[in-house]
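Thanks for coming, everyone. Please bring the structure up on your screens, and we will walk through it together.

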Amino acid sequence: MWKSVPVLLTLLQALAVLGKRVVVNWDVGYVDIDRDGYGPRRAIGVNGVLPIPPVRVTVGDTLALTVHNSLNLTTSIHAHGLFQKGTNYMDGAASITQCGIPPGSQFTYEYVVQQAGTFWLHAHDHHQNVDGLRTPLVVYDRGPPPVKYDEDILLSFEDWYTETFTERLRITLDPSLPFPPPHRTGFGLINGVNGNLTKPIHFQPGHTYRLRLINMSSTRWFQFSLPGHAMRVVEIDGMYTEPLDVDGVDIAPAQRYSVLVTAHSTNSFNYHFNATMYASFIPVEPGLSPRIFIGDIIYQQGAPFVQAGSYDDSFRWAKDIDLHALDQEPALPVDRSLELVIGRSLYSTGQNLDHFNNITYAPPITPALYTTLGMGNMAMDERVYGPQAHAIVLKHNEVIELVIHNSEDVPHPLHLHGHAFQITEYGPTKQFLPSNATAFPVVKNNGVPAKRDTVLIVPAQYVKLRFRADNPGVWMFHCHMDIHFAMGLALTFIEAPEVLQKTQKVPPGMLELCVKQGIKTTGNAAGNQGLDFTGLPPVPTIVLREG
C-alpha cells in the first residue's frame, strides 16, 4: 500500500544530488510606502523593501527560506502550487500544517523543489499577503523545457488598497455596519510598482519569449493581451499544456499562465500590451473600475507605435476547459464523488459568512496536521478536527471528484493545496439561477483534461474536478479571494492519515513555534483528547440564508 513512499524518497535524494542549495533570508516587517499614488500607508515587506524580489530556483534545488518575524503578529509562508510531497509540514498554512512564527522568532522552510513552472510565495497567516507579503517563485526545468523559447519574461499583477486588510475585514464583519460594505475599486500594480509606471518590455525581431503571468491579487482579475501578436498558452498553474493559440488570458486571483510570443521579423514598429484590472461584481466607474494599464513593447527606440483595435466577438480568450495536459493523462476514473455547495448566510453572530455545505470555516487551535499525526486511529474520525475545520478524510490513492456549485452572486477562485486537479466539466446550477437569466451551456473536456491548482467558478455555475489522493497530508481547499477565505469559505482534506503517520515527522524546530505560544502539539482541534473541544469558540448557527 505504501510502496510508493520509498520511490518518492529515492527521487528526492536523486534530485537533491543534482541541485544546489538556494538560501533566501527574509526579515518580514512593516514598511511605509506609497505604491499607488494615493499616499503612503503601512504595508508588509521583506528586509525593509517592497516589492519583494522574486525567488528563482531550478528543479532539484533545495530552497532554504529563513523567515524572521519582525511583525507584531504571527506569520507563515506558503509556496503556492508546490505539492510538498513528503514534506506536508512545510506547506506553510498556519493552523493547518504549523503554528505561525511568533513575533521575534524565525523559522527556515527547507525542501527539495520537485516541480517546474510558475508559482508564488505568500503569507498564509492573518492574510498578510494582501498587505504586500507575496512574490513570484519561478522554478526552471532541470533539463531543456518541453517548449522552446529564447527569453523568459516575468509579469506579476497585484491589486492594492488604501486600507489595510485588517481594516477592510473589520468593516465587512462588523454586525453594526451595513453589509455588503462599500466597494473599494483598488489600484493595480505590475511587477510590484504602479501599473502606469511599468517598465517597457524589449523584443528582438524573430525571438520567442515565454511570458510568465501571475495574478497575486486578493480580489481582482487581470485580462492580459498583446495586440498585434499571437499568444500560445503552454502552462497553467505550474502544469504544462499542449500549446493553444489565444488572443488573451483572463487571470483570476492566484492563477498563473505561461504564454509564448514570437516577435515580428522586423523592428519597424513598436506595440503596446494591455493589462485590465477588474472584478465583475464591482460597478463600472470610468477610470476606476475597470482600470486599464497600457505598457510598451519596444522593438526599436523611436519607432512608431501600432494602435490596437478593440475586442470583438472573434477575440479568443484562453479557457482551461479547452486546454489539454501535455502529459496526456486521460480523465481519471472516479472512486468517490463529493458535492460542495458554496453559499452565504447571516449567522447568529450577526455576521454574513461564507460556507461550503452550510459549514463556515474557523481554524483549529492545534494545527490539523499535528492532530492527524498524534491521534492514532482517531485521526480517521473527521470530528476530531473540530466542528468548523470541515475536515474530509480521503483514502490513500482514491480518485476524488469534486462537484462544486456556486449559489452566490459573486465568482470564486478556489485553490487546492498539495495537488493539481483535472477540470472535466462546467455547467449551469439551475436551482441557483435567477429566473430571468440564461443558463450556461454544459461544457466538457473531450480528451485529456488540463490540470491546475486554482479554478474559477462563476455565479450559478458548477464545475467538476478530479484528483488522485496520492499525497498523504493535510491540505486546505479555499477561496483565494482573501475576504471570502476570512469569511469562512474553506475546508480541510485529511489525506491518508494512516500513511502520513508512518512516513512523516514534524521537525522539532517547527513544533517549538507552538510551544512558544502555549499551543499543544497533540490532541484534537482544541488540544484535548477525544471529542472534548473545550477552548474552541462557540459554533455560530445560520439565522438567514442569502437568496
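**A walk through the model**

Start with proline 290, which sits in the loop between β19 and β20. Bear in mind that this is a predicted model. The peptide bond running from serine 289 into proline 290 is cis, and its omega is near 0°. There is another cis bond to look at. It runs from phenylalanine 179 to proline 180, with omega near -5°. Proline 180 is in the loop between α2 and β10, which covers residues 187–190. Why point these out? Most peptide bonds are trans, and most residues other than glycine have a negative phi.

That brings us to phi. Asparagine 191 is not a glycine, yet its phi is positive, about 50°. Find asparagine 191 in the loop between β10 and β11 (193–194). Its relative accessibility is 35%, so asparagine 191 counts as partly exposed. Now asparagine 358. Its phi is positive too, near 70°, and asparagine 358 is no glycine either. Look for asparagine 358 in the loop between β22 and α3 (368–374). Asparagine 358 has a relative accessible area of 39%, so this residue is partly exposed.

Back to β19, residues 271–278. How many of its eight residues are buried? Eight of the eight, so the strand is mostly covered, where buried means under 20% relative accessible area. In a regular strand, side chains alternate between the two faces of the sheet. Take the faces of β19 in turn. On one side are Tyr271, Phe273, Ala275 and Met277, all buried. On the other are His272, Asn274, Thr276 and Tyr278, also all buried.

Which way do the partners of β19 run? Strand β14, residues 221–225, is antiparallel to β19, and five bridges join the two.

Next, the cysteines. A disulfide is a covalent bond between the sulfur atoms of two cysteines. The structure holds one disulfide. Which residues does it join? Cysteine 99 and cysteine 514, with the sulfurs 2.0 Å apart. The pair links distant parts of the chain, 415 residues apart. Cysteine 99 is in the loop between β5 (77–80) and β6 (106–112), while cysteine 514 is in helix α6, residues 508–515. The torsion about the S-S bond of cysteine 99 and cysteine 514 is about 100°, so the disulfide is right-handed. Are these two cysteines buried or exposed? Cysteine 99 is buried, and cysteine 514 is buried as well.

Now a charged residue. Aspartate 36 is in the loop between β1 (21–33) and β2 (41–46). Aspartate 36 is buried, yet has no salt bridge. The nearest side chain of opposite charge is arginine 41, at 6.3 Å. A salt bridge needs the charged atoms within 4 Å. What does the side chain of aspartate 36 reach instead? The backbone nitrogen of tyrosine 38, at 2.9 Å. Beyond its neighbours within four places in sequence, aspartate 36 touches Trp160, Thr162, Phe187 and Asn194.

Last stop, helix α2, residues 165–173. Its buried residues include Phe165, Arg168 and Leu169. Ile171, Thr172 and Leu173 are buried there too. The buried residues of α2 pack against β22 (352–356) and α4 (482–486).

Conventions:
Residues are numbered from 1 along each chain as its sequence is written. This is a predicted model: local features need pLDDT of at least 70, side-chain atom pairs count only at pLDDT 80 or more; totals for chains, interfaces and linings use all residues. Side-chain values use heavy atoms; hydrogens and water are left out. Buried means under 20% relative accessible area, exposed over 50%, partly exposed in between (1.4 Å probe, protein chains only). Helices (H or I, at least four residues) and strands (E, at least two) are DSSP runs, numbered from the N terminus. Two strands pair if DSSP finds at least two bridges between them. A disulfide is a pair of cysteine sulfur atoms within 2.5 Å. Lys and Arg count as positive and Asp and Glu as negative; His and the chain ends are not counted. A polar contact is a pair of N or O atoms within 3.5 Å; within protein, one must be able to donate a hydrogen and the other to accept it, and residues adjacent in sequence count only if both atoms are side-chain atoms. Contact means heavy atoms within 4.5 Å.
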